[in-house]
Amino acid sequence: MGLSLGGLARSSGGSFILQALGSKVTVANAAHIAELNRTDLDEFAEAMRRKNVDPTDLLQWCFKGPDGLEELVHRLQQSKPNMNP
């Protein structure tokens with residue numbers, strides 16, 4: 001699967017995450033950042049439950065981000081050798 005991030009780079013907020021990938025989000029810290037994201041999602045889901053809203057469908061979609069972060073950073077590093085290890 002090819003990785004095309006051109007559209008994301010032009011979207012609102014997209015430039016921040018693209019700049020962070022490889023500089024602030026690195027191979028060394030991607031797992032930790034993904035775990036922090038999962039914790040935030042779990043806390044949000046608990047707040048939804050307290051309001052009697054089922055977060056199941058939302059969580060299935062949301063967890064794809066942190067679940068794929070490490071692989072994305074690895075793939076970006078392979079495609080751009082000048083990225084921080």
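Helices here (H or I, at least four residues) and strands (E, at least two) are DSSP runs, numbered from the N terminus. With that in hand, take Arg75 and Glu71: both lie in helix α5, 4 residues apart, about one turn of the helix. We'll come back to that pair below.

A word on where this comes from: the model is predicted, so local features need pLDDT of at least 70 and side-chain atom pairs count only at pLDDT 80 or more, while totals for chains, interfaces and linings use all residues. Residues are numbered from 1 along each chain as its sequence is written, and side-chain values use heavy atoms, with hydrogens and water left out.

**The overall picture**

Of its 85 residues, 25% are buried; buried means under 20% relative accessible area, exposed means over 50%, and partly exposed is in between (1.4 Å probe, protein chains only). Take the contacts (heavy atoms within 4.5 Å) with a separation of 6 or more: 58% of them involve residues 24 or more positions apart. The accessible surface comes to about 6100 Å², and 55% of that belongs to carbon and sulfur atoms. These areas come from the Shrake-Rupley method with a 1.4 Å probe, and for residues only the protein chains shown count as cover.

**Helix α3, inside and out**

Helix α3 covers residues 30-50, and its 21 residues should span 30 Å at 1.5 Å a residue, which agrees with end C-alpha atoms that are 30 Å apart. The expected span is 1.5 Å times one less than the number of residues. Ala30, Ala34, Arg38, Leu41, Ala45 and Met48 are buried in α3. They sit on the same side of α3, because they cover an arc of only 75° around the axis; that arc is taken from the directions from the helix axis to the C-beta atoms.

Turned away from the buried side, another face of α3 carries the exposed residues His32, Glu43 and Arg50. Just after α3, Asn52 takes a positive phi of about 60°.

**Salt bridges**

A salt bridge puts a side-chain nitrogen of Lys or Arg within 4 Å of a carboxyl oxygen of Asp or Glu, and a search of the whole structure finds 4 of them. Here are some of these:

| Pair | Closest N and O atoms |
|---|---|
| Asp67 and Arg38 | 3.0 Å |
| Arg49 and Glu46 | 3.5 Å |
| Arg75 and Glu71 | 3.9 Å |

Salt bridges that share partners also join Glu35, Arg38 and Asp67 into one network. Asp67 in α5 and Arg38 in α3 are 29 residues apart, and their pair links distant parts of the chain. Arg38 counts as buried because its relative accessibility is 18%.

Arg49 and Glu46 both lie in α3, 3 residues apart. Arg49 is partly exposed at 42%, and Glu46 is partly exposed too, at 37%. As for Arg75 in that opening pair, its relative accessible area is 26%, so Arg75 is partly exposed.

**A nonpolar patch**

Phe44, Leu58 and Trp61 make a nonpolar surface patch of about 350 Å². Patches are made of residues with over 30% relative accessible area and no salt bridge, where like charges are joined within 9 Å and nonpolar side chains (Val, Leu, Ile, Met, Phe, Trp, Tyr) within 5 Å. Trp61 belongs to helix α4 (residues 56-62) and counts as exposed, at 61% relative accessibility.
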